[in-house]
Amino acid sequence: MKFKNINYSQCWEDSDILLSALKISHQDIVLSITSGGDNTLAVLSKCPERLVSIDINCLQNYLFEFKLAAIKNLSYKEYLELLGVKNSSKRQDYFLKIKDLLSTEARLWWEGNTKLIKGGVINLGRFEIFLRLFSRFFLPLIHSKKTVLKFLDIDNLKNQTDFYDNVWNNHRWYFLFKVFSSRVLLKRFARQKGSFEYATPPDVGSIYFMRFEQNLKNILIKDNYFIRYCLTGSYNLSSLPLYLQEISRTSFVDNNTKLYILTSDMFKYLKSVPNNYFSKFNLSDIFETLSEQDNINLWLEIVRTAKNGAIVAYWNNLVSRTYPAGLSENIFDDKELAIKLNKIDKVPFYGDFHVNIISK
Ligand SMILES: C[S@@+](CC[C@H](N)C(=O)[O-])C[C@H]1O[C@@H](n2cnc3c(N)ncnc32)[C@H](O)[C@@H]1O
């Protein structure tokens with residue numbers, strides 16, 4: 001399949017809960033969906049023995065290579081500037097410093113798309129462009145910049161909920177939020193192709209509205225870089241995803257993990273993998289776009305290629321997809337841990353987080 005765009009230039013899945021679920025050790029062999037690269041980088045920072053990062057869209061892998069080359073070879077300040085976390089007029093110069101470290105395909109693609117580097121690569125995905133349109137043009141119709149900054153600066157949950165109820169949650173917010181998170185707009189402009197094929201809820205906007213409100217009750221947005229990006233189109237340096245934090249840099253520079261980056265459909269790839277190979281799986285929410293039968297087929301391959309005791313972590317967004325009942329003898333569903341982690345998931349989009357342990 002030929003992809004024209006990077007759909008996600010960041011991972012909209014919380015790497016903190018992913019790492020708490022997977023408990024990566026140096027002996028692990030990990031399979032991870034690439035997406036924006038961020039969660040594969042989070043896994044890499046734990047130095048597993050081997051890591052296979054896979055995406056059906058080669059451009060997501062080119063982005064991951066770009067981020068990895070930047071973190072390993074630039075100073076921290078240059079890295080944040082090149083990626084778009086900090087303002088910069090020198091992004092093209094920094095790109096010249098890292099381009100020869102990319103695979104030939106990735107280098108040629110970035111050389112042909114240097115204009116994308118100008119705005120900072122964390123901002124270039126279809127999904128991120130959509131979110132930034134919201135924060136730049138629509139949110140100002142609801143709240144002033146001062147009100148947005150006040151909301152982002154509250155430092156306890158009680159005040160946050162009060163502010164939300166008394167100041168933030170007016171009619172315009174409710175209406176525009178629901179329009180912006182409606183099926184029509186998300187399908188056309190934001191999410192991966194096929195995301196809505198099996199999603200039955202008619203009023204998607206109301207579901208996301210409820211999830212957003214629930215998230216605010218449990219998590220302080222002052223520390224939530226995902227919400228901050230949704231509301232301002234940028235990050236604050238005091239709260240960054242793991243792969244952008246200075247503290248994690250050394251784990252990328254001194255790293256012995258054998259890393260493989262593959263462009264393939266997950267099922268096709270697993271078909272080529274021997275039995276009992278992987279010990280950890282980060283599967284994003286890839287089950288959403290599969291038919292019931294494809295879901296069953298993929299799970300059969302996951303169980304076949306997993307070691308005894310392997311951990312599989314994944315999210316459900318609008319489609320409730322988990323392992324088929326026929327495999328329940330081989331899979332322990334760690335609901336207790338998943339519910340605990342779901343509560344502290346910083347991303348407000350998901351219905352469920354799953355932690356499954358393979359037993360064979
Ligand atoms: C599943 S998407 C989800 C992103 C986000 N959680 C959302 O719901 O909008 C993340 C990445 O998975 C990749 N992907 C989806 N299905 C895949 C498959 N069957 N095999 C390999 N990669 C896949 C996509 O190309 C994308 O980069």
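User: Which residues are buried in α14?

Analyst: This is a predicted model, in which local features need pLDDT of at least 70 and side-chain atom pairs count only at pLDDT 80 or more, while totals for chains, interfaces and linings use all residues. Residues are numbered from 1 along each chain as its sequence is written. In α14, the buried residues are Y225, F226, I227, R228, Y229 and C230. A residue is buried if 20 or more other C-beta atoms, placed from the backbone, lie within 10 Å of its own; with 12 or fewer it is exposed, and in between it is partly exposed. Helices are DSSP runs of H or I with at least four residues, strands are runs of E with at least two, and both are numbered from the N terminus.

User: Why is I24 called buried?

Analyst: I24 has 24 C-beta neighbours inside 10 Å and therefore counts as buried. I24 sits in the loop between α1 (15-22) and β1 (29-33). Residues up to four places away in sequence aside, I24 touches L19, V30, V43, K46, P48 and K280. The C-alpha atoms of I24 and N282 are 11 Å apart in space, although the two residues are 258 apart in sequence.

User: Why is P201 called partly exposed?

Analyst: P201 has 13 other C-beta atoms within 10 Å, so the term partly exposed applies. P201 belongs to the loop between α12 (183-190) and α13 (204-218). Beyond residues up to four places away in sequence, P201 touches I207 and L318. P201 and L318 are 117 residues apart in sequence, with a C-alpha to C-alpha distance of 7.5 Å.

User: How do you know that the buried residues of α1 are on the same side of the helix?

Analyst: The residues in question are S15, I17, L18, A21 and L22. They cover an arc of only 160 degrees around the axis, and therefore lie on the same side of α1. The arc is that of the directions from the helix axis to the C-beta atoms. An α-helix has 3.6 residues a turn, so residues three or four places apart point the same way. The buried residues of α1 are covered by elements including α2 (38-44), β4 (278-282), β5 (306-316), α18 (335-343) and β7 (352-358).

User: What makes a set of residues the largest nonpolar core here?

Analyst: A nonpolar core is a set of buried Ala, Val, Leu, Ile, Met, Phe, Trp, Tyr and Cys residues joined through C-beta atoms within 7 Å. The largest such set has 91 residues, and A21, F66, A70, L83, V312 and A313 have the most contacts inside it. Helix α3 (residues 58-73) supplies the largest share of this core, 9 residues. Apart from neighbours within four places in sequence, F66 is in contact with L102, A106, W110 and V121.

User: How do you know that the size of the chain agrees with a compact globule?

Analyst: The radius of gyration is taken over C-alpha atoms, and the globule rule is 2.2 Å times the number of residues to the power 0.38. For 360 residues the rule gives a value near 21 Å; the chain has 20 Å, so the two agree. The C-alpha atoms fill a box of roughly 55 × 50 × 35 Å along the principal axes. Buried residues account for 42% of the 360 residues.

Methods: Two residues are in contact if their C-beta atoms, placed from the backbone, lie within 7 Å.
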